Amino acid sequence: MKDNFKFRNNNQETIKIGIICDLNKSSGLGHFKRMNYLNLQLEKYGQKGVFLFDSKDRKFIKNFTSNQKVIFYSQGESRKKNTLKSLINKHKITTIILDSYLFDFQFEKKLSKYGAYIISIDDHLRKHVSNVVVSNRIGIKKNYKNQIWLTGSVYILAPKIKKIHKLKNVNTFNLKILFHAGGLSYYQKNKNFTENVLKVISKSGHILDIICSTSQSKKYIEKLSKKYKFKNRLKILPYLQNLKKKLGKYDLVVGPAGTITFETILAGTLPFTIPFQNDGRDSLQSWNSLGHLMHLT
């Protein structure tokens, strides 16, 4: 992320920032992970960010936000004390960062009516009412009156790389591989890819660690491990809280492209990826611009 991408006003005063992002059983953890990293950077610049989440997902969200300041709001206008509008006013939030696939153009218009300065994180090149739109896509030019588009790989919301790791294992027939399917382990959504990966690795001498963050994914992988006769070369791991710190010990990280892919590149480990789903967010050109060449379309 660019060092000069600072959220400051002309008087260098602290801005109260509200962060709205997807974090539920359907969306996974990618949006929250990159917003959490951004929030840590904002704190370095003296800014104060608070996460705003819909209360209907409270139970799930609390599992991942113990170290963050979180405010839960209620949908609708009947509960005036806990609506998003009332909480924005109560906490004097002047800027909102929105990273969501669930909230659309109409939601941005609603936020705009609340008087907030809106910054949208965009993966799909959608139409926005926001003041600023940030996208890591390259080769995109958007010229709208009163709207700023910041595009290109310099705006990837991920930590800076500190050092490049060399290939840990020079014997390419005995690699240590990590397999994942996003934060919520949706292996069955890419069933063909999942089964082919396990089939190929089972015939090699590679060591495989595979993340299963749900009981459903664990049962599915255990079934496949028996089918392909892995024996002791497959280890199932639960959700890893500090995954990005552990990626550097692997020779190869395999899974759908997303936040974990960025962290893998920054760890100096080689990623092998596919699009999670064909919904317009995937850009081969943008991945290639980062030096990531093992991405299947």
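Because the model is predicted, local features need pLDDT of at least 70 and side-chain atom pairs count only at pLDDT 80 or more, while totals for chains, interfaces and linings use all residues. Residues are numbered from 1 along each chain as its sequence is written, and side-chain values use heavy atoms, with hydrogens and water left out.

Start with helix α1, residues 30-44. Helices here are DSSP runs of H or I with at least four residues, strands are runs of E with at least two, and both are numbered from the N terminus. Helix α1 has 15 residues and reaches 22 Å from its first C-alpha to its last, close to the 21 Å expected at 1.5 Å a residue. The expected span is 1.5 Å times one less than the number of residues.

Which residues of α1 are buried? Among them are His31, Phe32, Arg34, Met35, Leu38 and Leu42. Buried means under 20% relative accessible area, exposed means over 50%, and partly exposed lies in between, with a 1.4 Å probe and protein chains only. An α-helix has 3.6 residues a turn, so residues three or four places apart point the same way. After α1 comes glycine 46, with a positive phi near 85 degrees.

Rings of Phe, Tyr and Trp (its six-membered ring) pair if their centres lie within 6.5 Å; planes under 30 degrees apart count as stacked, over 60 as edge-to-face and the rest as tilted. The count by this rule is nine aromatic pairs. Phenylalanine 32 and phenylalanine 51 form a tilted pair, 5.3 Å centre to centre with 55 degrees between the planes. This pair links distant parts of the chain, since phenylalanine 32 is in helix α1 and phenylalanine 51 is in strand β2, 19 residues apart. Phenylalanine 32 is buried at 6% relative accessible area, and phenylalanine 51 is buried at 0%. Elsewhere, ring pairs join Phe179, Tyr187, Phe193 and Phe272 into a cluster.

Charged side chains are the next topic. Side chains of opposite charge can pair when their charged atoms come close. A salt bridge is a side-chain nitrogen of Lys or Arg within 4 Å of a carboxyl oxygen of Asp or Glu. There are five salt bridges by this rule. Lysine 33 and glutamate 263 form one of them, at 3.1 Å from N to O. Lysine 33 lies in helix α1 and glutamate 263 in helix α8 (residues 259-266), so the pair ties together parts that are 230 residues apart in sequence. Lysine 33 is partly exposed, at 23% relative accessible area, whereas glutamate 263 is buried at 9%.

Glutamate 195 and lysine 227 form another salt bridge, with their closest N and O atoms 3.6 Å apart. Here glutamate 195 is in helix α5 (residues 191-202) and lysine 227 is in helix α6 (residues 215-227), 32 residues apart. Aspartate 57 forms a salt bridge with lysine 56, and their closest N and O atoms are 3.3 Å apart. Aspartate 57 is buried at 18% relative accessibility, while lysine 56 is exposed at 64%. Arg34, Asp99 and Asp123 are linked in a network of salt bridges.

A charge can also sit over a ring, if NZ of Lys or CZ of Arg is within 6 Å of the ring centre and within 35 degrees of the ring normal. The charged end of arginine 58 sits over the ring of phenylalanine 72, 4.4 Å from its centre. The charged end of lysine 189 is over the ring of tyrosine 186, at 4.5 Å from its centre.

Two loop residues follow. Lysine 92 has a positive phi near 55 degrees and lies in the loop between α3 (84-90) and β4. Lysine 229, in the loop between α6 and β10 (234-237), has a positive phi of about 55 degrees although it is not a glycine. Lysine 92 is exposed at 65% relative accessible area, and lysine 229 is exposed at 65%.
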